[in-house]
Amino acid sequence: MKLSKPIEMDYSKENFLVLLSYGENTEKSPYTHKQIAEWCERFWNEYCDIDAPEIIEKIMPVLADVETQWDLYLANTYSLSELQQLDCESVCLPVEWFKNWSAEANA
């Protein structure tokens, strides 16, 4: 799958929460759910092999879940032939998931 145009935001909890709020509000978001999932994956990869600050450690499972659920949603929603032709930039995850991730990240 071709990568999206990357989101140019620093990796921080604050920016993560901003992106989750965009995920909840797709009509006002400058980013697609695909872009958000890819940003979460890059953020997670940045800190997965090091001793991250505690604030980052606490959100690591949520970052991983966003990216994992994106992949699972695609795999469970579309057939292989559909995926091969699908414009993934137009795919939207359930907005309720973004609300749950935001609550989990703020816990």
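Select helices α3 and α5 to begin the tour: these two helices run roughly antiparallel to each other, a label given to angles over 145 degrees, with under 35 counting as roughly parallel, 65 to 115 as roughly perpendicular and the rest as oblique. The model is a predicted one, in which local features need pLDDT of at least 70 and side-chain atom pairs count only at pLDDT 80 or more, while totals for chains, interfaces and linings use all residues. Residues are numbered from 1 along each chain as its sequence is written, and side-chain values use heavy atoms, with hydrogens and water left out.

Helix α3 covers residues 54–77 and helix α5 covers residues 95–106, and the two pack at an angle of about 165° with their axes 9 Å apart. Helices here are DSSP runs (H or I, at least four residues), numbered from the N terminus; axes are lines fitted to C-alpha atoms over the stretch in contact, and angles run from 0 to 180 degrees between N-to-C directions. The crossing of α3 and α5 is right-handed, meaning that the near helix is turned clockwise from the far one by less than a right angle.

Now show the side chains between them: I59, V62, D65, V66, Q69 and Y73 of α3 meet W97, W101, E104 and A105 of α5, where contact means heavy atoms within 4.5 Å. By class, this contact of α3 with α5 has seven nonpolar, one polar and two charged residues. Ala, Val, Leu, Ile, Met, Phe, Trp, Tyr, Cys and Pro count as nonpolar, Asp, Glu, Lys and Arg as charged, and the others, Gly among them, as polar.

Next, select α1 and helix α2 (residues 33–47), whose axes come within 10 Å and cross at roughly 160°. The crossing of α1 and α2 is left-handed, and at their contact N15, F16, L19, Y22 and G23 in α1 meet H33, I36, W39, C40 and F43 in α2. Sorted by class, the contact of α1 with α2 has seven nonpolar, three polar and no charged residues.

From there, move to S4, in the segment before α1 (13–24). S4 is buried, with a relative accessible area of 8%, where buried means under 20%, exposed over 50% and partly exposed in between (1.4 Å probe, protein chains only). Leaving aside neighbours within four places in sequence, S4 is in contact with K34, Q35, E38 and E89.

Finally, select L83 in helix α4 (residues 80–85). L83 is partly exposed, with a relative accessible area of 26%, and, beyond its neighbours within four places in sequence, L83 is in contact with L74 and Y78.
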